[in-house]
Amino acid sequence: MSIILKTEKLRVEFTSGELRQTTKVALGSLDLEVNVGEVFGFLGPNGAGKTTAINVLLGFVPPTRGAAYLFGIDVRQPIARQRIGYLPEMTYYYKFLTAEELLRFYARIFGLPRAEADKRIDQLLKLVELEQARKRSIKSYSKGMQQRVGLAQALINNPDLLILDEPTSGLDPLGRMKVREIIQRLKNEGKTVFFSSHELGEVETVCDRVAIINQGELKATGRVSDLVAQHQANLEKAFLDIIGYQTQSAS
Amino acid sequence: MKASPYLVLAFVLMVCFTLATGIEPRASTWSNRTKSNNVFSMLFGDGRRLFANQFFTMADVYFHSGYYPSIFDLREEGTKEIVAATHGQAENEEQEKKEDFLGKPKDWIDRFGRHFHITEHTHLEHGNEREILPWLRLAADMDPQKIETYTVGSFFMRMHLNQPREAEAFLREGLRNNPNSYEILFELGQLYDENDHDTGRARDVWQLALHKWSKDPEAVKDNKLFFEEITVHLAQLEREAGNWQQAINWFQAAQKVSPDPNALQQRIDEIKKKMAAQPSPTNSQPH
Amino acid sequence: MNTIWALAGVVIKEMYRRKDFYVLFVLTALITIAAGMVNFFDDPKIVRYVKDICMLLIWISALLIAIVTTARQIPAERESRTIFPLLAKPVTRGQFILGKFFGCWLATGIALLVFYVFFAIITGSREQYWPWLTYLQAIWLQWAMLAVVIALSLCGSIISAAPSSTTTICFIAVAGILLFGGHLNMVALHQSQPLQTIFYTIYFLIPHLEWFDIRDRVIYDWGLVNWLDCVLATLYAAAYTGLFLLLTWLGFRRKSLNT
Ligand SMILES: Nc1ncnc2c1ncn2[C@@H]1O[C@H](COP(=O)(O)OP(=O)(O)O)[C@@H](O)[C@H]1O
Ligand SMILES: [Mg+2]
């Protein structure tokens, strides 16, 4: 089984303050491996360092130490991002463009030929159910619609690896279900999905494997069923155990 | 092989420097605009003259304590009263009816409106004339070729504000910008004559003014009055100085263009009488 | 290259959909026409006055459009987080900067073209005279100058995050160079030795944007600038544009985009 996403002893520190005196360790030393075709849940409470790890994977934040690879290519090289799709934690897009123009713009960046781009745009707008709104500018969209535009842009290049940062946060139950459906569909197509979340219900149903981090440290990785078995509880209980919420239980 | 970006940076900086030194002498021929020391002329070019007229008008507005016919009321554009005042023609202002000043009310609305405006025809006096000076200063900056600005400014400074030296400096500035202006030279002569009582300098300057006037074919054609004015001034100057023969010569010159030669003849006769009683030592001709 | 044009296209779309530039254009048109009306009959040189005022407005408007549009680009991308999905695509930071640069430059060029067409129509209809080669040179040199200004603003927007402060600083710097850059050598002449060399160095190191101001040739119809000089000026502008873009890239390439 080949590895599609990998981090090695990844460490990220943030310096802040006037004189750069305070250092905040967002990630301690993270080792992760994600296999091709998996749906991988990246779990942790707020502030655990999930977004930071994803930002390193996308090259937004340079690692303080260690390295990260996508498709075996160092993330510092833009070509590593050719076959990925990314949905940021909070999505905003160019408000003055329409959904169609936005997708066409991203298609051009991937160098898709015109005919193929047209086909994909039609497909995606159908998938995220924005066909009626395709010629309206994004500033008139509701939050849910914007999230769906985000999903569509993440899929524009028909990526092999999807990186989603809390894709369901802020959505209503129907929206969450739709997102889960889409993830499931992608899995069936043989794509790899790497997504972060702190909502365990959705994780349980779609993930093959999960990693749990807390305060920048990796606490556990493995199949959902293994973790549940190990802690003799449901995932929620296991999660709380692992992040040390219940002091009396051993981990 | 990859060059360090800082090396590239240094290289580009060098290219910039080389190009700058190479182009600099050529660039000076591309445009005059930025070589000017005057910010206004750099920004507005000739467009600033439009403002110069405006500022000159503003000076006139201030002269009238605020109320002034708007551009739509201006019947006949020409000499502003502020200019007339410098030529001593505004002394009959008492007779100016306010209706004349603003024109007859055009309709009942206009008549009604005049209850709310300053319609009194007033002029600044007792040193308050200085209020107009900033406007003239601006007008001069905006349009250094507008002669009236200098003559009017100088007139108010030396006659009403007792600042002959400032007036002289302002006129000299005007001369630098308009070396051939006989009007400015004339005003400068008046300053030397009336304020400084320096006959010699006044004479020199006036003679130079006359010379400049004669070199300007347009002025010779259209501004004969100036010739009379300056010759009469010269004649009076010589009369005060006791150079009677020269005074007579100047009056005779003035007679040639004067609309009223008889009045001048009277003055000549007066001098001749005095000469007969007490002969003058000098007898040279004016040039 | 395709990526750069795609990025540039978005900037241009933004400019004409945001409509700031229409305001400036209408303002310029109104002021020019108003200037043409005032005192129209009692001044024979009125056409030249109007030309001068119109040209000044074009210069100010073009600078405003260039600086304001550019200074906003990168901070707005970060503020609205649109930069994240964008840079998650295979786009290098260098391409991103170049795309923004070309977008702003082309957008300003379009605005400039509109302004000059208006100018040509206003003056041409008065004078029945169309020195289009002179216009071409003027617009080209002005556009080349704006490339330097845009690169400078882009560089400024990397250093300071607030678009308003970038705009102000760039506008002051550019206005300072335009007004006084040409006099620095005169200042140098009056200094004593160590200062003199410093002033001369500064004089030759600042981008002489004022060289590109050939309004006089348009207004007084002086004829064309030597074409070789035009090429040299273009090279000069290109060198400074490259310099500022390089600085921008150096500042941006390692920048952490975590907010
Ligand atoms: N730019 C930054 N400067 C300083 N600290 C930061 C910065 N970004 C994130 N952090 C800190 O790093 C930690 C991890 O943040 P993040 O990765 O956003 O958490 P989450 O798991 O909720 O996505 C948090 O404690 C956060 O305060
Ligand atoms: Mg997060």
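Predicted model: local features only at pLDDT ≥ 70, side-chain atom pairs only at ≥ 80, totals over all residues.

What covers the buried residues of α5(A)? The cover includes β3 (39-43), α4 (143-154), β7 (161-165) and β8 (192-197) of chain A.

**Helix α5 of chain A**

- Helix α5 comprises residues 173-188 of chain A, and its 16 residues should span 22 Å at 1.5 Å a residue; the end C-alpha atoms are 23 Å apart, which agrees.
- The buried residues in α5(A) include A:Gly175, A:Val179, A:Ile182, A:Ile183 and A:Leu186.
- Viewed down the axis of α5(A), the buried residues fall within an arc of 100° and therefore line one face of the helix.
- An α-helix has 3.6 residues a turn, so residues three or four places apart point the same way.
- A:Pro173, A:Leu174 and A:Asn188 are exposed, on the other side of α5(A).

**Magnesium site**

- A:Thr51 (OG1) and A:Glu89 (OE) coordinate the magnesium ion (ligand 2), at 1.9 to 2.7 Å.
- A:Thr51 belongs to helix α1 (residues 50-57) of chain A, whereas A:Glu89 lies in the loop between β6 (84-87) and α2 (99-109) of chain A, so the pair ties together parts that are 38 residues apart in sequence.
- A:Thr51 counts as partly exposed, at 24% relative accessibility.
- A:Glu89 is likewise partly exposed, with a relative accessible area of 27%.

Note on methods
Residues numbered from 1 in each chain as written. Chains lettered and ligands numbered in written order. Heavy atoms only, no water. Donors = N, O, S within 2.8 Å, 3.2 Å for Na, K, Ca; no water. Helix = DSSP H or I, 4+ residues; strand = E, 2+ residues; numbered from the N terminus. Buried < 20%, exposed > 50% of the residue type's maximum accessible area, 1.4 Å probe, protein only. Expected span 1.5 Å × (residues − 1). Arc of directions from axis to C-beta. Contact = heavy atoms within 4.5 Å.
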